[in-house]
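Dear colleague,

I am passing on the structure we spoke about, and would be glad if you could look it over alongside the notes below.

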Amino acid sequence: PVLSDAFIDSIPISLVFEVMQTRLRPELSIDVHESAIFLVGGSKHIVTVRRGVAEVTKGDALHGTPEPIGTFIADENTFRRIMLQLKSPGKAIMNGDVRIEGDQLKFLVFVQRFERGA
């Protein structure tokens, strides 16, 4: 289906992160214990992969969360479109719509453990 811009823009960011938890690819994350920060539209979310399970918290990290490998910074509309595979993360970085602070290669490996799409 083709999603309208108005529909995409109305998707709550909290829902995008909830869905992200279900899209973790266990075969790529069973031996992983890492976290990353996502600053999206001014809100801070911490995504932690703990041995095949994705955990998302808004705000502060939970006790026992490892030091984040990096920080992803984008506005809400860009983040939604990246997660729906309507925008390339690489192009978004190149044109300045997304910034990644920290080790970009580690961050790329981290996010590739998640399936994206509608």
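Predicted model: local features only at pLDDT ≥ 70, side-chain atom pairs only at ≥ 80, totals over all residues.

A search of the whole structure gives nine aromatic pairs. In one of them, the ring centres of Phe-17 and Phe-38 are 5.9 Å apart and the planes stand at 75°, an angle over 60 degrees, so this pair counts as edge-to-face. Because Phe-17 belongs to helix α2 (residues 13-22) and Phe-38 to strand β1 (residues 33-40), the pair ties together parts that are 21 residues apart in sequence. Phe-17 is buried, with a relative accessible area of 2%, and Phe-38 is likewise buried, with a relative accessible area of 2%.

Phe-38 also pairs with Phe-72, with ring centres 5.4 Å apart and planes at 40°, so that this pair is tilted. Here strand β1, which holds Phe-38, is linked to strand β4 (residues 70-74), which holds Phe-72, and the two residues are 34 residues apart. Both Phe-38 and Phe-72 are buried. Ring pairs join these residues into a cluster made up of Phe-17, Phe-38, Phe-72, Phe-79, Phe-107, Phe-110 and Phe-114.

Turning to the pocket, the largest one has a volume of about 310 Å³, and of the 18 residues lining it, Ile-82, Pro-89, Leu-108, Val-111 and Arg-116 are the closest to its centre. At least two lining residues come from each of α3 (76-83), α4 (89-94), β5 (98-102) and α5 (104-111), with α5 giving the most, at four residues. By class, the lining has 14 nonpolar, three polar and one charged residues.

With best wishes

Methods
Residues numbered from 1 in each chain as written. Heavy atoms only, no water. 1 Å grid on protein atoms, 1.4 Å probe; cavity = no way out; pocket = protein on both sides within 12 Å on 5 of 7 lines; lining within 4 Å. Points joined across faces, edges and corners; volume = space filled by probe spheres on them. Nonpolar A, V, L, I, M, F, W, Y, C, P; charged D, E, K, R; others polar. Phe/Tyr/Trp six-rings, centres within 6.5 Å; stacked < 30°, edge-to-face > 60°. Buried < 20%, exposed > 50% of the residue type's maximum accessible area, 1.4 Å probe, protein only.
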